[in-house]
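Please consult the sequence and the structure shown here while reading.

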Amino acid sequence: MFDLFSATGTDRHALILMFAIDITVYHIFCQHNPYKMSKIRQDRYDRAIEWLKGVMKGDLTIDGAPLIEEPDLSDNSPWQIQADDARPTFR
C-alpha cells in the first residue's frame with residue numbers, strides 16, 4: 001500500500017509537502033524568535049491546521065489518497081445514529 005505521508009522525492013504530494021513545511025517553519029519560528037513571526041507564517045500555519053482538520057473529519061479528501069473504507073468512515077462521523085431493530089407494533 002502506498003503511504004502518502006512517507007513518500008520521498010518526486011512521489012511526494014505537493015499540497016501535503018507544502019502544509020508540512022508551513023507547520024515546520026512555524027514551529028521553528030516559535031522556538032527561536034516567536035516575537036518576530038510574520039503574519040504570513042501564522043496565516044499559513046492556521047490554513048494548514050484547518051486543512052488537516054477537514055481531512056480528519058472527512059470533509060476534504062486528498063487527491064491520490066485512498067478513501068477511508070465505509071466501516072471506518074462511519075465510526076469517524078460526528079453524527080452517530082443507531083437504532084435497535086424495528087419493534088413490533090401490537091394492535
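Does Arg44 count as buried, partly exposed or exposed, and at what relative accessibility? Arg44 counts as partly exposed because its relative accessibility is 23%; buried means under 20% relative accessible area, exposed over 50%, and partly exposed in between, with a 1.4 Å probe and protein chains only.

## Basis of the model

The model is predicted: local features need pLDDT of at least 70 and side-chain atom pairs count only at pLDDT 80 or more, while totals for chains, interfaces and linings use all residues. Residues are numbered from 1 along each chain as its sequence is written, and side-chain values use heavy atoms, with hydrogens and water left out.

## Overall architecture

The chain holds 3 helices and 0 strands, and its pattern along the sequence is α-α-α. Helices (H or I, at least four residues) and strands (E, at least two) are DSSP runs, numbered from the N terminus. Of the 91 residues in the chain, 16% are buried.

Contact means heavy atoms within 4.5 Å. Among contacts between residues at least 6 apart in sequence, 43% join residues at least 24 apart.

## Packing of H1 against H2

H1 and H2 pack at an angle of about 130 degrees, and their axes are 9 Å apart. H1 is therefore oblique to H2. Axes are lines fitted to C-alpha atoms, for helices over the stretch in contact, and angles run from 0 to 180 degrees between N-to-C directions. Angles under 35 degrees count as roughly parallel, over 145 as roughly antiparallel, 65 to 115 as roughly perpendicular, and the rest as oblique.

The crossing of H1 past H2 is left-handed, a term for a near helix turned anticlockwise from the far one by less than a right angle, whereas clockwise gives a right-handed crossing.

## Nonpolar core

The largest nonpolar core has 10 residues: Leu4, Ile16, Phe19, Ile23, Tyr26, Met37, Tyr45, Ala48, Trp51 and Ile62. Helix H1 (14–32) and helix H2 (39–57) are the elements that give two or more residues to this core, and H1 supplies the largest share, 4 residues. A nonpolar core is a set of buried Ala, Val, Leu, Ile, Met, Phe, Trp, Tyr and Cys residues joined through side-chain atoms within 4.5 Å.

Not counting residues up to four places away in sequence, Tyr26 touches Met37, Arg41, Gln42 and Tyr45.

## Salt bridges

The structure contains 4 salt bridges, each a side-chain nitrogen of Lys or Arg within 4 Å of a carboxyl oxygen of Asp or Glu. Side chains of opposite charge can pair when their charged atoms come close. Asp22, Arg41 and Arg44 are linked in a network of such bridges.

Arg41 and Asp22 meet at 3.6 Å, N to O; Arg41 lies in helix H2 and Asp22 in helix H1, 19 residues apart. In the bridge between Arg44 and Asp22, the closest N and O atoms are 2.9 Å apart, and this pair joins helix H2 to helix H1 across 22 residues. Asp22 counts as buried because its relative accessibility is 3%, and Arg41 is buried too.

Lys53 bridges to Glu50, with the closest N and O atoms 3.7 Å apart. Both lie in helix H2, 3 residues apart, about one turn of the helix. Lys53 has a relative accessible area of 39% and is therefore partly exposed.
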